[in-house]
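I opened this model to look up how its parts meet and where it leaves open space. My entries follow in the order in which I checked things.

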Amino acid sequence: MGDEGVRRELWDGKIPVCFKLDEDEVTMSIRGDRVAPQPCYMMIPRVSYLPLVYEKLDKLYSRAAGRQVEDEVWVSAEATPLKWHYPVGVLYDLYGRGQNLPWEITVHFRNFPEDILLHCESKEAVEAHFKSKLKERVCYQQLLFKYNYDEFWAVNKKMMLSTRSEHEPFRSIPFCIYQACCTDGKILFQRLLPPHRPKASPDDQIVENTLEDIIKLYSASFPLTEEHCVLIHGIELSVRTPIQWLSENLSYPDSFLHICVVHK
Amino acid sequence: MATGLLTYEEFVRNARDLVVMSDRLGDGWELRHVRQTDGPEETAFLVKRICVAIAEESPVDPETPRDVGEPENIEDEDPATLHCRGTGKLSEKTVQFEYHVIYSPSYQVPVLFFTATFHSGRLVPLKEIWKFLSPFHVTRDSGMEWESVTQQEHPIFGRPFYHLHPCHTSNVMATILTANKHERGDRDIKNYLLSWLTIFGPTIGLNVLIDYLKIDSKT
């Protein structure tokens with residue numbers, strides 16, 4: 001399979017999900033017995049986000065749940081509220097992996113956990129969020145093209161191990177790392193890394209940065225053991241994969257590499 | 001520095017100086033360090049808490065009844081209430097703001113995060129935040145609200161916080177630093193962070209005492 005094929009496969013990656021209304025929230029009853037509405041099955045693209053289905057869930061379950069005006073849809077996997085601003089694929093790799101499919105997600109209208117989840121009361125909220133994410137990416141790019149290597153590295157020297165040279169052309173690759181071990185699961189680490197190591201002298205061979213370099217950076221702050229594995233789009237990759245290739249082919253639509261650290 | 005950017009090291013240096021000045025003025029800024037899990041890296045950020053008594057026409061927590069008496073033992077609950085300004089009388093209409101100034105490695109500028117809660121502990125909703133801040137804002141009713149203050153995941157704690165979008169910060173700061181250079185020759189602005197705070201703080205209700213500038217120019 002060529003790279004184009006890889007990109008297409010990833011784009012088409014979907015997760016079978018079974019949505020069920022939280023039993024405690026069912027208010028619909030027939031002759032005094034509470035009646036839970038039917039679960040709803042959907043294939044959700046890994047590269048998409050949960051608010052895409054919120055409207056549908058709202059339509060399906062708001063009556064059965066006796067939804068009030070101020071209520072807001074939110075979902076959880078087991079007891080963990082799912083952050084809608086993370087890609088579905090990331091949420092699945094963190095909380096759904098290893099379980100039977102379809103992945104069971106519970107739908108709620110009450111008790112919005114506002115200490116954990118961003119509010120998502122309108123399409124504007126979702127749009128604003130992703131615009132700002134994209135702007136961040138554009139900002140990375142502008143910084144990288146506008147300013148020279150020295151200025152850039154003065155800031156980011158922590159990220160790299162080797163010496164630097166001036167005015168070397170580069171582009172930088174943004175990535176986020178998530179780890180589920182911490183109860184609330186959050187972006188633990190958001191950085192950028194150029195595709196090549198800086199050359200000590202112009203005659204040096206170009207050395208590509210690989211997934212291993214990303215892992216090294218990360219594990220300096222968050223120690224990893226043999227029990228851990230690193231997934232992108234649910235795939236465990238060779239640590240020797242160059243990050244340039246990863247970025248070109250495995251980035252999510254927001255152009256970040258979203259990397260999950262999970263237990264084997 | 002005329003790029004309008006700041007390095008993390010400069011950020012920490014500026015922040016330390018700012019806290020020294022704040023201590024002299026009793027302004028309540030503190031520098032906190034957080035170590036995430038057991039890694040070696042620490043992240044420094046600035047914190048300040050204030051209480052604001054909101055006016056009649058401003059948003060009021062709809063969940064709390066209006067004419068209730070003084071809340072009990074409020075000072076035992078939280079030392080930050082000591083910084084309360086306004087009428088001096090705490091009522092249910094008090095909103096507590098907690099501001100965090102955090103360094104953004106992607107934008108390479110400081111970013112303002114804040115949370116605002118009613119006395120009941122309930123988060124002040126975004127729409128009410130906009131209403132409350134509208135007197136300070138040029139984006140009022142322009143449909144631009146979503147470009148200014150929105151909810152974001154706090155980069156250190158992972159919890160929802162409000163944040164002022166930083167995408168214009170470096171441009172604005174570059175203009176100011178350049179203009180300053182023209183006027184004052186080779187004397188650079190001493191504290192990037194302080195200049196930045198005087199410009200962007202008021203847009204989210206965070207005013208900077210003029211005394212800071214007096215101290216800063218003396219030292």
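**Domains of chain A**

I looked for salt bridges (a side-chain nitrogen of Lys or Arg within 4 Å of a carboxyl oxygen of Asp or Glu) between domain 1 of chain A and domain 2 of chain A, and the count is 0. I note that this is a predicted model, in which local features need pLDDT of at least 70, side-chain atom pairs count only at pLDDT 80 or more, and totals for chains, interfaces and linings use all residues. Residues are numbered from 1 along each chain as its sequence is written, chains are lettered from A and ligands numbered from 1 in the order in which they are written, and side-chain values use heavy atoms, with hydrogens and water left out.

The bounds I used are 14–121 for domain 1 and 162–263 for domain 2 of chain A; such bounds come from an automatic or database domain assignment. Taken over C-alpha atoms, the centres of these two domains of chain A are 32 Å apart. Their contact (heavy atoms within 4.5 Å) takes 12 residues from domain 1 of chain A and 18 residues from domain 2 of chain A. I read a buried area (the accessible area, with a 1.4 Å probe, that two parts lose on being put together, summed over both) of about 1300 Å² between them, and carbon and sulfur atoms give 64% of that area.

**Salt bridges**

A:Lys20 sits in strand E1 (residues 14–21) of chain A and A:Glu104 in strand E7 (residues 103–108) of chain A, 84 residues apart, and the pair links distant parts of the chain. Strands (E, at least two residues) and helices (H or I, at least four) are DSSP runs, numbered from the N terminus.

**Backbone**

I checked the peptide bond between A:Leu101 and A:Pro102; it is cis, with omega about -5°. A:Pro102 lies in the loop between helix H3 (88–96) and E7 of chain A.

A:Glu78 has a phi near 50°, a positive value in a residue other than glycine. I place A:Glu78 in the loop between strand E5 (74–77) and strand E6 (80–81) of chain A.
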